[in-house]
Amino acid sequence: MDIDSPEAFQSWLDELMSKGHLKRDVFKKICHILKLNKKNTSWYSKFDWFHLMPTYLNLQFVEGSCNANCRMCSAGKGIPLSWMTAEQVASILDHAPTVSSVTLSSGNSEPTLNPEMINILDLFAKRHITVDFYSNALSLSKELSDSILETETVNVINFSLDAATHKTYAKIRRSNFAQVLENINYLVERKKVLGKEYPNISVSMVEMHDNIQELPELVDYAASIGAFRVYVESLLHEDELLRGLKNQSALQNPNYKEFISEAQERALKHGIHLQLPPKLRISSISTKNTIDAPKQSEISTKPINTDGSRNLNSSPTPLNQNLPKKCGWINGLWVNINGSMGLCCVNQEPKLGNIYDAPLRENKAYLEIKQLLDQGKVFPSCMKVLNTCGYLSENKEAGVDVKKWIVTEKV
Ligand SMILES: C[S@@+](CC[C@H](N)C(=O)[O-])C[C@H]1O[C@@H](n2cnc3c(N)ncnc32)[C@H](O)[C@@H]1O
Ligand code: SF4
Ligand code: SF4
């Protein structure tokens, strides 16, 4: 096919888009072609918008009340559940055809409560989009597990357990542990029977003074279900009163080093990744299979993005040994249920408009803002979340005066 005009190039893009091929390697190759040819052929610059399109989305999948009542969680109570519908998800994907991976976020609720989840997984599968999410597994029905296995579109599920015994689970998660184990077991057994590779399974624990003693046992459990990882999440809201109760970090347990050391030994034995937050790192132990919580710029979308509203692990930036040169979310996008878009998991300003309104390539605010980020610039709002932004915090730590990157342009 001869591409000798912007019209021909555009119809080539349209054709690829109609076939759902405008993703992954094809996306990268087109970005490369545009970059190479821009120098010699002026009309290629008409497609400057292309490389700013998102390849990764974080969708606010549900919001409102949760089916659990975890002691350390600030999830709302008594707020009616709202969710992203299959129709809304389809509209988002129509307007962002370069997207190839999605995280289903549910900061204050539980993704499996979305009554349209099965239809939505079908939709992702048809468009060859991979999905990650966190779940408490309480509502992981057999139908949902069957659909997860059949569609093979879920890359990673992280089961948030926080405990390895009924007693501790009851104290922290205050729900039905037996049901959780039964639901997970169904998924794991069917996965084995069907010989499926996906989903990859991860298990997590929010580190606290009265559950860290169960980390070694949690590692054993994770190995028994074929999980690739145990992820220890750093406790947020420490010492704040949540649900009338205070939570303390594992650091407050006088024996925490012993438990971590034992968990590391077991992780090594099982060949499982034990992902620890920096504050719980203990240096004397062999670290072959023990990885610390990585820096934002070191994480790819695989194998999982955590719930993006709270931490660093949802950066779509690929592994990079050097200091990050620009915002890690340049090809990522946060989308709320109402369609409003945020720049990243910790910053919703300036406004990028509404994704339901029009394709992103026609959204002037989106393109203008992304263009600035692409040049390495940041917004005043980014400074408010400096410590949770990988780009800014890593550069600042290295002594860079990051304030000089604040945009002077009015957006
Ligand atoms: C808020 S939940 C939403 C998804 C789902 N309901 C679940 O529990 O996995 C996402 C993750 O946040 C974790 N989490 C809850 N409260 C936390 C806290 N105070 N500090 C750190 N992580 C927390 C949960 O354990 C879970 O892994
Ligand atoms: S941690 Fe998850 S399951 Fe527990 S209350 Fe919060 S949102 Fe619900
Ligand atoms: S805070 Fe700003 S620079 Fe950092 S990830 Fe978010 S949008 Fe990018």
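A residue is near a molecule if its C-beta atom, placed from the backbone, lies within 6 Å of it. With that criterion in place, let me turn to the structure. This is a predicted model, in which local features need pLDDT of at least 70, side-chain atom pairs count only at pLDDT 80 or more, and totals for chains, interfaces and linings use all residues. Residues are numbered from 1 along each chain as its sequence is written, and chains are lettered from A and ligands numbered from 1 in the order in which they are written.

I begin with the ligands. Around ligand 2 we find Cys 66, Ala 68, Asn 69, Cys 70, Cys 73 and Ala 75, together with Asn 108, Ser 109, Glu 110, Asn 136 and Ser 160. This shell comprises five nonpolar, five polar and one charged residue. Here Ala, Val, Leu, Ile, Met, Phe, Trp, Tyr, Cys and Pro count as nonpolar, Asp, Glu, Lys and Arg as charged, and the others, Gly among them, as polar.

Ligand 3 is surrounded by 13 residues, the closest being Cys 327, Leu 343, Cys 344, Cys 382 and Cys 389. Its shell has 11 nonpolar residues, two polar and no charged ones.

Next, confidence. The chain has a mean pLDDT (the predictor's confidence in each residue, from 0 to 100) of 90, and 90% of its residues reach 70 or more. Over residues 292-320, however, the pLDDT is below 50, and this stretch has 82 contacts in the model beyond near neighbours in sequence. A contact requires C-beta atoms, placed from the backbone, within 7 Å.

As to helices (DSSP runs of H or I, at least four residues, numbered from the N terminus, as are strands, E, at least two), how do α5 and α7 pack? Helix α5, residues 142-151, meets helix α7, residues 177-194, at an angle of about 35°, with the axes 10 Å apart. Axes are lines fitted to C-alpha atoms over the stretch in contact, and angles run from 0 to 180 degrees between N-to-C directions. On the α5 side the contact is made by Lys 142, Ser 145, Asp 146, Ile 148 and Leu 149, and on the α7 side by Tyr 186, Leu 187, Arg 190, Lys 191 and Leu 194. Five of these residues are nonpolar, one is polar and four are charged.

Finally, the backbone. Most residues other than glycine have a negative phi, and most peptide bonds are trans. Arg 24, not a glycine, has a positive phi of about 45°, and is found in helix α2, residues 24-38. A cis peptide bond joins Tyr 198 and Pro 199, with omega about 5°; Pro 199 sits in the loop between α7 and β7. The bond from Glu 349 to Pro 350 is also cis, with omega near -5°.

Note on methods. Two residues are in contact if their C-beta atoms, placed from the backbone, lie within 7 Å.
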